[in-house]
Amino acid sequence: SHTKMATAPLGFSIDSPRWDQSTFVGRLKHFLNITDPRTVLVPEEELDRAKALVEGCRAGLVPPGSSQEQLLYAKKLYDSAFHPDSGEKMNFIGRMSFQVPGGMAITGCMLQFYRTVPAVVFWQWVNQSFNAFVNYTNRNAASPISLRQIGVAYVTATGAALATAVGLNLYTKRAPPLLARWVPFAAVAAANCVNIPMMRQQEIINGITVTDENNNELGRSRRAAVKGIAQVVLSRITMAAPGMIILPIIMERLEKFTFMQRIRVLHGPLQVLLCGGFLLFMVPAACALFPQRCSLALADLELELRESIVARHGDKVPYVYFNKGL
């Protein structure tokens, strides 16, 4: 059908961020919007309509009568479900908007079933499988990774998580009970330190593209890749920390009450709900810790890259910029 297309509102760009991305609060608002778990329930055809609308808007064509609000909502749905580099629809489980429901179920279970080795092994394995899925789904399309590398990353991260969890579990048998409850967090942190660098090893081996302020490519840097990946590891650990450190203290206190000892069955669901409360805020807050567009001082780059930049641009490029990924 040939409907008349209106042009986009003046001065409105669908891709420019709505909030100042150089401040933590601006980034927090941006990620609260993108990681909104309600978008997981949006039906497929509505997501496809949102994509068509966003792509139309990029081409300067908007259906008549579209309000700016409708366009912004379409962009929110588009950001929540489609890969930023390739524009492909991402699988359900790997979306950032599924981080809260998926993460709260798994974290709640890790915190609840921490006493026996088989339970620890099972839930750490489930968590690492979920992580591998999320990391694969949100991978940087510019640095593709082979299925073999994904397999190796998955196996090593799961191994690191299990070794930490089972090792510490045996070690805390004689320790105060609260320490045993903190073992799942130590395992998750250790696994993140292995999983993310392994998943993104291509970037560390070959370097990632760095640009000047105006997005002109300057070359590839391995140090930039290391900085970006280190920030992602830190934000993933921060994402898990409050729930996995504070919740055990809360549960430790609560379980001393008689009424809590009567309702043992509900301890699991209660931990899952409380985890959800922490993650609702922590997923966007952790994503917002560092700017998406990361910078590195010229002085910190590899010697040959630094020399080639200075040779071409003199001292006009004090910093280089790159996308750190999620």
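**Model.** I am working from a predicted model, in which local features need pLDDT of at least 70, side-chain atom pairs count only at pLDDT 80 or more, and totals for chains, interfaces and linings use all residues. Residues are numbered from 1 along each chain as its sequence is written, and side-chain values use heavy atoms, with hydrogens and water left out.

**Domains.** I looked up the domain assignment (bounds from an automatic or database assignment) and found domain 1 at 24-82 and domain 2 at 96-323. Their centres, taken over C-alpha atoms, are 26 Å apart. I noted that 12 residues of domain 1 and 16 residues of domain 2 take part in the contact, where contact means heavy atoms within 4.5 Å.

**Interface.** I then looked up the buried area (accessible area, 1.4 Å probe, that two parts lose on being put together, summed over both), which is about 1100 Å² between domain 1 and domain 2, with 75% from carbon and sulfur atoms. On the domain 1 side, R27, F31 and T35 supply 45% of the area buried against domain 2, more than any other three residues. Helix α1 (residues 24-34) gives the most to the side of domain 1 that touches domain 2, with 6 residues, helices being DSSP runs of H or I with at least four residues, numbered from the N terminus.

Terms used: Helices (H or I, at least four residues) and strands (E, at least two) are DSSP runs, numbered from the N terminus.
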